[in-house]
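Me: I would like to learn how to read a model such as this one, feature by feature. Could we go through it together?

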Amino acid sequence: MTTAAQEYQAKVKPLEDDYWVRRKPLDDAYWVRRKPRNDYWAKVKALRDAMTAYMPELEALHAQLCTDCPWDGTTIFSEGAA
Ligand SMILES: [Zn+2]
């Protein structure tokens, strides 16, 4: 005996299969076109990570070369300067 759910599945399955057959080339094209964007952000992240790793050394050098500097890590207009 065939249930209503089995009958439904039998009718829907070919439609779903057709959907995914048609969709795959669109998805493939999407990811090919998106690759440069992903590559770009991977390079930006690598640069940010390198800069973050370099910051303690840069800040130590700044403290050494720029004594009595009002820079607080965010602004040179710290309290008393405004
Ligand atoms: Zn400074």
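Me: Why does D68 count as exposed?

Reply: A residue is buried if 20 or more other C-beta atoms, placed from the backbone, lie within 10 Å of its own, exposed if 12 or fewer, and partly exposed in between. D68 counts as exposed because it has 4 C-beta neighbours inside 10 Å. This is a predicted model, in which local features need pLDDT of at least 70 and side-chain atom pairs count only at pLDDT 80 or more, whereas totals for chains, interfaces and linings use all residues. Residues are numbered from 1 along each chain as its sequence is written.

Me: Where does D68 lie, and what is its phi near?

Reply: Most residues other than glycine have a negative phi. D68, however, has a positive phi near 60°, and its place is in the segment after helix 1 (4-65), where helices (H or I, at least four residues) are DSSP runs numbered from the N terminus.

Me: How far apart are the end C-alpha atoms of helix 1?

Reply: The expected span of a helix is 1.5 Å times one less than its number of residues. For the 62 residues of helix 1 a straight helix would reach 92 Å, but the end C-alpha atoms are only 80 Å apart. A kink of about 40° lies at M55, shortly before the proline P56, the bend being the angle between axes fitted to the seven residues ending there and the seven starting there.

Me: How many residues of helix 1 are buried?

Reply: The count is 0, and helix 1 is hardly covered; of the 82 residues of the protein, 0% count as buried.

Key
Helix = DSSP H or I, 4+ residues; strand = E, 2+ residues; numbered from the N terminus.
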